[in-house]
Amino acid sequence: MTSGVSVERAGGPGGRLARALSTAGVHVLRAWRRVVYVWQRSLQLRVVAATLTLSFAVVALLGITLTRQITDDLLKQQLDTAVPYAVAGIGQAQQQLNNLADEPDHADRVQIVEDLAAQDGEGGPAVVMLRPDGGTAATTTPQPADSTFPADLRARIQEEPDQLWWAYTTIEFLPGLGGEQLENQPGMVVGGQVRAPVGAAEEIFELYYVFSLEETEQTLGIVRTALWTAGLLVVLLLGAIAGLVTRQVVTPVRMAASIAGRFSAGRLSERMTVRGKDDMSKLAMSFNQMAGSLQKQIAELEELSRIQQQFASDVSHELRTPLTTVRMAADVLHESREDFDPVVQRAAELLQAQLDRFEALLSDLLEISRFDAGVAVLNAESVDMRDLVYSVTDSCNQLAGRRGSEVRIEIPAEPCVAEIDERRIERVLRNLVINAIEHGEGRDVVVRVVANDQAVAVGIRDYGVGLKPGEASLVFHRFWRADPARARTTGGTGLGLAISLEDARLHGGWLQAWGEPGGGSHFLLTLPRTAGDDIVASPLPLIPHDAMDDSGLSGVGSPYQRVADDATDGWSAEPLDLTEEVMSGAAGAANADRDTTDADDGDQDESTGDAATAAAFDVDVPDPHATFEVADEATAPDAAEPDPDEPDTPGDVPDDSVEVRRA
Amino acid sequence: MKGRVLIVDDDTALAEMLGIVLRNEGYETSVVTRGDDAVQTYREFKPDLVLLDLMLPGTDGIDVCKEIRAESGIPIVMLTAKSDTVDIVLGLEAGADDYVVKPFKPKELVARVRARLRRTDDPKPERLEIGELVIDVAGHSVKRNGTTISLTPLEFDLLTCLARKPWQVFSREELLERVWGYRHAADTRLVNVHVQRLRSKVEKDAENPEVIVTVRGVGYKAGPA
């Protein structure tokens with residue numbers, strides 16, 4: 001009833017882009033849904049993904065810590081070597097300056113610097129002597145640019161000239177004489193002041209050792225690469241291990257699921273293999289026990305049902321033979337009733353008449369027990385419904401004539417062929433037409449046939465007593481009587497409409513009833529053109545156009561539609577809450593269904609105050625295997641990705657200078 | 001005396017009642033209540049028709065039917081309490097000509113018996129040809145290339161009905177009316193089963209019938225002479 005109708009609309013002018021976009025959107029959406037689907041379905045995928053994410057985070061953390069540690073250690077080692085070296089060197093320079101007889105000229109300064117540098121040979125630190133005002137007093141080549149010496153460091157040295165200071169820096173070289181340019185290098189600068197006595201005064205120079213950290217950085221690079229490679233390998237291996245381990249668990253679970261699926265599909269002898277003594281084997285054993293007991297119970301039920309059917313068959317046989325004898329005896333008596341005195345004569349007549357009724361009742365009971373046992377077979381052939389309607393109405397004309405009514409037929413000119421079981425549908429139609437004549441109070445009965453592509457509908461309309469509110473659903477109940485006190489005139493068995501409903505159901509069709517008190521009733525039989533097809537809507541409305549109460553249509557709530565593909569046994573005259581519908585369908589119990597709907601009918605009548613009532617039987621055999629999937633809440637993977645710290649570049653020389661006072 | 005009817009039914013009350021009704025109609029009757037005695041009584045009584053209940057103590061009704069059919073083609077009408085089981089088809093395949101479902105009305109039974117015993121009093125000499133078969137209606141014989149084929153009266157009637165109007169396709173309902181004497185449409189399985197039985201006797205290859213041709217969706221007709 002709530003089956004949504006999707007309305008798609010192409011964009012107007014200039015809608016091509018919008019269309020293209022929406023197409024792309026649809027594709028993206030579809031791909032996303034696919035991903036979500038796989039994600040939700042595969043436990044293995046989720047476990048592997050979670051393992052990958054978590055182990056990546058752990059490895060990243062570990063890597064960062066390790067690299068920092070190593071960097072710190074290496075730099076500390078460098079510093080430990082460099083500082084004493086510089087201390088010694090600066091001391092020596094001061095010595096040399098002190099030893100100078102006069103003010104140091106350029107050559108002296110270069111001499112000092114080169115002496116210092118020469119101590120270490122090739123590849124040693126660069127030594128630079130700067131003037132406090134910024135000029136270069138002397139330097140080794142290649143000459144580091146001024147920017148190599150952080151202003152901060154120089155300021156410190158000038159503030160506290162008695163201390164040695166150091167700092168990390170980036171060594172920039174000035175172009176050499178040949179114009180060759182050395183690349184910048186990470187480095188460390190250690191410096192202090194030296195004083196040259198110039199007479200009474202002093203000339204102050206700053207002497208710096210510039211240590212290259214190039215090698216250290218290379219070492220760090222290697223370490224880093226090794227760490228990250230190892231980390232990545234570990235992550236991948238962990239992922240693979242997680243995949244393998246989950247597979248070990250998931251494979252038996254999947255196997256169990258597929259076996260359970262086959263079991264529920266009816267292969268009751270399916271069992272899981274029990275291997276070992278672990279939890280999986282416990283599951284397998286429990287499953288097998290459950291399957292075994294289910295199989296046993298099902299077998300018992302089947303046996304019970306078989307016995308029941310056998311019983312019904314035996315009863316029929318046992319009843320029929322004596323009934324035949326009685327019937328024949330009664331006939332013999334009836335034939336010769338003229339020889340009897342009037343009392344016996346009447347008795348013979350009564351006997352004869354009641355035997356007819358008894359026989360009809362017996363045969364109806366047997367028919368309905370066949371439906372109950374599920375052994376009713378549909379012998380469908382392509383039949384023109386018009387022919388059936390003609391033959392039924394012809395045979396009913398006599399009865400109609402006696403009642404003073406006429407059966408009118410409104411039939412389309414073209415054939416209305418449907419795949420039906422002629423015997424059953426003829427029985428249904430005869431039943432409906434006779435009912436209409438009997439309850440038509442001598443007014444005419446109209447039989448309408450309407451067909452569309454999917455279905456053929458036959459509506460039988462009478463203008464007699466009609467139905468009271470709520471009765472429309474009751475008419476199909478077995479042995480239901482509109483008015484128990486009312487005299488029975490034609491001696492129906494009380495099972496006719498129940499059998500008709502079952503016949504319609506067997507065709508996958510609908511049998512619906514509508515009526516209003518004093519306004520007559522309308523019975524609508526809708527059959528699919530092709531046996532077994534679903535009917536979406538009847539070609540003929542259930543509420544007749546000549547209903548006294550026009551509000552009937554809205555009050556009753558048409559059209560009658562299937563509720564959901566699987567939840568089909570539910571039916572109602574009102575658009576029910578889908579969940580309720582599904583529940584009643586799942587319950588599968590016809591009585592429960594009817595009760596639900598009776599109550600529903602009542603509600604509807606109260607709410608609308610409408611006298612007309614209707615009932616629609618969605619006649620589908622309930623599928624016992626129908627499952628109602630509770631929409632799985634998409635449990636979004638809330639494995640919040642731990643944002644691994646942006647790994648900074650350890651090993652790079654920190655750009656803020658760290659001051660270490662000389663001990 | 002219209003004819004002799006053997007009643008085989010284990011229910012003595014019903015058997016007696018059947019006897020009363022049939023005697024009222026002018027038939028001579030004999031009653032057997034056990035399946036094992038049925039064939040012996042049949043041989044002694046030499047009935048014109050057998051009314052046979054399917055559920056019998058001793059020998060099953062189906063077997064009795066086969067045994068009698070093996071000896072002669074006399075009409076056999078089954079009495080059955082089950083209208084929708086395979087029993088009917090089994091009975092028909094065992095050789096029964098017709099069946100009545102309990103509970104039946106006496107008139108219905110008498111009509112069935114009468115239809116099966118009905119014979120054209122003085123058949124005109126008539127010679128029909130169908131396929132390679134030559135039918136002598138008065139002599140009640142069917143020959144292929146001079147060899148006589150033995151048919152039950154019902155099968156003979158069925159064949160004759162088709163052969164008289166080789167240009168006409170008979171629906172199963174028509175055949176039920178003409179051969180079995182049903183006024184209302186009845187169980188068309190009667191026709192199907194008997195056409196199969198007849199074909200097994202008169203066709204050279206029952207898989208590819210030439211004498212009795214099926215017209216799909218309509219019925220049967222006689223093959224070209």
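Visitor: Is A:Glu441 buried, exposed or partly exposed in this predicted model?
Guide: A:Glu441 has 16 other C-beta atoms within 10 Å. A buried residue needs 20 or more, and an exposed one has 12 or fewer. The count falls in between, so A:Glu441 is partly exposed.

Visitor: Where in chain A is A:Glu441 found?
Guide: A:Glu441 is not a glycine, yet has a positive phi of about 55°. A:Glu441 is found in the loop between α9 (422-438) and β9 (445-451) of chain A.

Visitor: And B:Lys46: buried or exposed?
Guide: B:Lys46 is in the loop between α2 (35-45) and β3 (49-53) of chain B. B:Lys46 also has a positive phi, about 50°, although it is not a glycine. Around B:Lys46 there are 12 other C-beta atoms within 10 Å. The cut-off for exposed is 12 or fewer, so B:Lys46 is exposed.

Visitor: What is the peptide bond from B:Lys102 to B:Pro103, cis or trans?
Guide: B:Pro103 has its place in the loop between β5 (98-101) and α5 (106-117) of chain B. Omega for the bond from B:Lys102 is near -5°. The bond is cis.

Visitor: Which helix gives the largest share of the side of chain B that touches chain A?
Guide: On chain B, 14 residues are in contact with 14 residues of chain A. Five residues of that side come from one helix of chain B, residues 12-24. That helix is α1.

Visitor: How many residues on that side of chain B are nonpolar?
Guide: No residue there is polar. Four are charged. The nonpolar residues number 10.

Methods:
Residues numbered from 1 in each chain as written. Chains lettered and ligands numbered in written order. Predicted model: local features only at pLDDT ≥ 70, side-chain atom pairs only at ≥ 80, totals over all residues. Contact = placed C-beta atoms within 7 Å. Helix = DSSP H or I, 4+ residues; strand = E, 2+ residues; numbered from the N terminus. Nonpolar A, V, L, I, M, F, W, Y, C, P; charged D, E, K, R; others polar.
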